[in-house]
Amino acid sequence: MSIIFITGGNTGLGFESAKRLKELGHKIYLGCRDEEKGEKAASEIDAESIVIDVTDDESVKKAVESYRQKETHLDVLINNAGMPGAQVLPKDITADLMYKVFNTNVFGIVRVTHEFLPLLELSENPVIVNVSSGLGSFGQVLNPEKIESKVNSVSYCSSKAAASMLTVQYAKGLPNMKVNAVDPGPTNTGGQFTHGTQTIQEGTDAIVRMATIGRDGPTATFSDRNGIIPW
Ligand SMILES: NC(=O)c1ccc[n+]([C@@H]2O[C@H](COP(=O)([O-])OP(=O)(O)OC[C@H]3O[C@@H](n4cnc5c(N)ncnc54)[C@H](OP(=O)(O)O)[C@@H]3O)[C@@H](O)[C@H]2O)c1
């Protein structure tokens, strides 16, 4: 049994992953920025919820303090919270629009990872899963046969490319941990992400697989539900 903390756990891929991981016998903490939504989601799957806004240093610190009151270590951190950002043409992209997306999709991962690292270090098999995207994969967005090549989003795609690279850099610098990036694949989760034909369950396959790797599991990989994909 692992203890798992997942950001953006109240809905979409985060909630479905949490539900599946709970069914596998793990202890789940849902990190949610809205207390009410978090408590409702947690009660549905018999998990715990902790308020966390990944864009806010103080909120992340408080969340980790709350977690420390209940647990002495963390086995698996799933950095899932994310946003698509404004759908604008490249000519209309501004630094402010970029910052908003990076603040959640990139700096959010750094804030949460930084605060949880001391607790992960106390685990016998520490694992970090960063939910990236095929839209951040150079190999996919430049391959005309892939659906990802049809999308042009300066902010979202570059934020997910950054999330993938920070996965590799954390993996290199934290050899005692497994740090991997996953691409859920295009999934209509009913909220901000409405493109895609996969079921929500399919969209969580890679997350669940990477959250449950053993001590001999991989690190510094990027995979979707079918296996390794190009960076
Ligand atoms: N769906 C897809 O097709 C797809 C494909 C590839 C990658 N992804 C990635 O998969 C992840 C989950 O996507 P999804 O489709 O499940 O999206 P979603 O249904 O919109 O859920 C996003 C979750 O992130 C939370 N969140 C957003 N900003 C946050 C913040 N500042 N602090 C804390 N939580 C925050 C949301 O909370 P609220 O409910 O409070 O808004 C929500 O729980 C994202 O990282 C996304 O980029 C999705």
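Reply: Asp46 is exposed, because its relative accessible area of 59% lies above the cut-off (exposed is over 50%, buried under 20%, and partly exposed in between, with a 1.4 Å probe and protein chains only). The model is a predicted one, in which local features need pLDDT of at least 70 and side-chain atom pairs count only at pLDDT 80 or more, while totals for chains, interfaces and linings use all residues. Residues are numbered from 1 along each chain as its sequence is written, and side-chain values use heavy atoms, with hydrogens and water left out.

Asp46 sits in the loop between α2 (35-45) and β3, where helices (H or I, at least four residues) and strands (E, at least two) are DSSP runs numbered from the N terminus. Most residues other than glycine have a negative phi. Ala220, also not a glycine, has a positive phi as well, near 60°. Ala220 belongs to the loop between α8 and β7, and it counts as partly exposed because its relative accessible area is 30%.

That loop, between α8 (200-211) and β7 (222-224), also holds Thr221, which is buried at a relative accessible area of 13%. The side chain of Thr221 makes a polar contact with the side chain of Asn180 at 2.6 Å; a polar contact is a pair of N or O atoms within 3.5 Å, where within protein one must be able to donate a hydrogen and the other to accept it, and residues adjacent in sequence count only if both atoms are side-chain atoms. Another loop, between β3 (48-51) and α3 (57-68), contains Thr55, a residue that counts as partly exposed at 28% relative accessibility. The C-alpha atoms of Thr55 and Met210 are separated by 25 Å, and the two residues are 155 residues apart along the chain.

Turning back to helix α2, Gly38 is found there and is buried, with a relative accessible area of 1%. Its C-alpha atom is 9.8 Å from that of Ile52, a residue 14 positions away along the chain. In strand β5 (residues 127-131), Val127 is likewise buried, with a relative accessible area of 1%. Val127 and Ile213 are 86 residues apart in sequence, yet their C-alpha atoms are 7.9 Å apart in space.

Of the 28 residues around the ligand, Leu13, Asn80, Tyr156, Thr187 and Thr189 come nearest, a residue being near a molecule if one of its heavy atoms lies within 4 Å of it. By class, this shell has nine nonpolar, 14 polar and five charged residues, where Ala, Val, Leu, Ile, Met, Phe, Trp, Tyr, Cys and Pro count as nonpolar, Asp, Glu, Lys and Arg as charged, and the others, Gly among them, as polar.

The protein covers 94% of the 900 Å² of accessible area that the ligand has on its own, with areas taken from the Shrake-Rupley method with a 1.4 Å probe; for residues, only the protein chains shown count as cover. The elements that give two or more residues to the shell around the ligand are α1 (12-23) and α7 (154-173).

Helix α1 also contains Ser17, which counts as buried because its relative accessibility is 0%. The side chain of Ser17 reaches the backbone oxygen of Leu13 at 2.7 Å, and Leu13 is one of the residues that come nearest to the ligand.
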